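The sequence and the model are shown first.

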Amino acid sequence: MINPDRFRKIRNLLEQRQPDLTLVMDNVNKPHNLAAIIRSCDAAGIGTLHAISTTSSIRKKQKTAAGANRWTQLQLHDSLPQLLRTLRNDGMQLLAADYNSRSVDFRSVDYTQPTALIMGAEKFGPSDTSLELADQCIHIPMHGMVESLNVSVAAALILFEAERQRKTAGLYDTPSLTATELHDKLFELSYPAISEKLRMLGRPYPSLRDDGSFEEPAEE
Ligand SMILES: C[S@@+](CC[C@H](N)C(=O)[O-])C[C@H]1O[C@@H](n2cnc3c(N)ncnc32)[C@H](O)[C@@H]1O
């Protein structure tokens, strides 16, 4: 059985997850950037983020990053337009982080709205598709000689502006996941091997007690 303190910690993190806040990595490919962005997403309360790649070598690195983190799920996609349209159909505003003539200061945006933040590749920035489909481009003001920040630094700055606004609005105070989503995710994170076995057998997860224990499902 899971340690009850750890169980409560996992439950606490899930109660604060923000399912209507996510991030899209548009061909971000350096392993340390992928890892740092996933870590910042976790810290800001993002449970699921997305990555898109146009080459198999980028895909490989994103796949490795996806397997390395247990708390935040990195979903890999083949089609950027399809992903962005799905996120928009889910009601999200699409914000592309990019320094261009029509982008606005990132602090002027309302992140309490359902939001998907698009981050561009280290070398080339966001793709044309991202820039075309985004509702708005946002930038972090720069006052020095260099033209851009490291992508993981830029992501963290924007995510924590979103976190600040959401915290002020009380969005971390009550769970946004449904009771079923919360229970199932809690079971999966507390008991990864058992949940995988039950999933393969097509069986539901048993109810969890307050200390993290559960009634062993009967053998079929
Ligand atoms: C190293 S930058 C890319 C620089 C690239 N040469 C370009 O032309 O965009 C990687 C990504 O970090 C984000 N980024 C970096 N600095 C930023 C800033 N000041 N404002 C907004 N986003 C920024 C953007 O998403 C950018 O695509």
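## Annotated positions

Leaving out residues up to four places away in sequence, Leu-149 touches Ile-140, Met-142, Ala-154 and Leu-157. The model in which these contacts are found is a predicted one. Leu-149 belongs to the loop between strand 7 and helix 6, and with a relative accessibility of 34% it counts as partly exposed.

Ile-140 is found in the loop between strand 7 and helix 6. Its relative accessible area is 14%; because the cut-off for a buried residue is under 20%, Ile-140 counts as buried. Apart from neighbours within four places in sequence, Ile-140 is in contact with Tyr-99, Phe-106, Leu-149, Ala-154, Leu-157 and Ile-158. An unreviewed UniProt entry covers both Ile-140 and Leu-149 with the annotation "binding site".

## Annotated domains

Two domain features come from the unreviewed UniProt entry. Over residues 21–160 the chain is 38% helix and 23% strand, and the end C-alpha atoms lie 12 Å apart.

The feature "domain: RNA methyltransferase SpoU/TrmH type C-terminal" is placed by UniProt at residues 164–215. Here the chain is 52% helix and 0% strand, with 40 Å between the end C-alpha atoms.

Seven strands form an open sheet with parallel pairing, in the order 3-2-1-6-4-7-5. Strand 3 and strand 5 (104–105) are the edge strands; each has a single partner strand, so one side of each is left without a neighbour in the sheet. In general, the strands of a sheet pair through backbone hydrogen bonds, either parallel or antiparallel.

Strand 4 pairs with strand 6 (residues 115–119) in the parallel sense over four bridges. Within this pairing, Leu-94 stands opposite Ala-116 and Leu-95 stands opposite Leu-117. Strand 4 also runs parallel to strand 7 (residues 136–139), to which three bridges join it; Ala-97 has Ile-138 of strand 7 as its bridge partner.

How many of the five residues of strand 4 are buried? Five of the five residues of strand 4 (residues 93–97) are buried, so the strand is largely enclosed by the rest of the structure. Both faces are covered: Gln-93, Leu-95 and Ala-97 are buried on one side, and Leu-94 and Ala-96 on the other.

In soluble globular proteins, nonpolar side chains tend to be buried together. The largest nonpolar core of this model has 29 residues, of which Leu-23, Met-25, Ile-37 and Leu-49 touch the most other members. At least two residues of this core come from each of strand 1 (21–26), helix 2 (31–44), strand 2 (48–52), strand 4, strand 6 and helix 6 (151–168). Helix 6 gives the most to this core, with six residues. Another core, of 15 residues, lies apart from it and includes Leu-80, Leu-83, Leu-131 and Leu-133.

Which residues does Leu-49 touch, not counting those up to four places away in sequence? Leu-49 touches Thr-22, Leu-23, Met-25, Ile-37, Ile-38, Cys-41, Thr-72, Gln-73, Leu-74 and Gln-75.

## Helix 3

Helix 3 (residues 56–68) comprises 13 residues and reaches 18 Å from its first C-alpha to its last, close to the 18 Å expected at 1.5 Å a residue. Ile-58, Gln-62 and Ala-65 are buried in helix 3. Viewed down the axis of helix 3, the buried residues fall within an arc of 55 degrees, so they line one face of the helix.

The buried residues of helix 3 pack against strand 1, helix 2, strand 2 and strand 3 (73–77). On the other side of helix 3, Ser-56, Lys-60, Lys-63, Thr-64 and Gly-67 are exposed.

## Helix 7

Helix 7 (residues 179–190) has 12 residues, which should span 16 Å at 1.5 Å a residue; the end C-alpha atoms are 16 Å apart, in agreement with this expectation. The buried residues in helix 7 are Leu-182, Leu-186, Phe-187, Leu-189 and Ser-190. These buried residues pack against helix 1 (4–15) and helix 8 (192–201).

Methods:
Residues numbered from 1 in each chain as written. Predicted model: local features only at pLDDT ≥ 70, side-chain atom pairs only at ≥ 80, totals over all residues. Heavy atoms only, no water. Expected span 1.5 Å × (residues − 1). Buried < 20%, exposed > 50% of the residue type's maximum accessible area, 1.4 Å probe, protein only. Contact = heavy atoms within 4.5 Å. Pairing = 2+ DSSP bridges. UniProt positions renumbered as here; feature names shortened; annotations may be inferred. Core = buried A, V, L, I, M, F, W, Y, C linked by side-chain atoms within 4.5 Å. Arc of directions from axis to C-beta.
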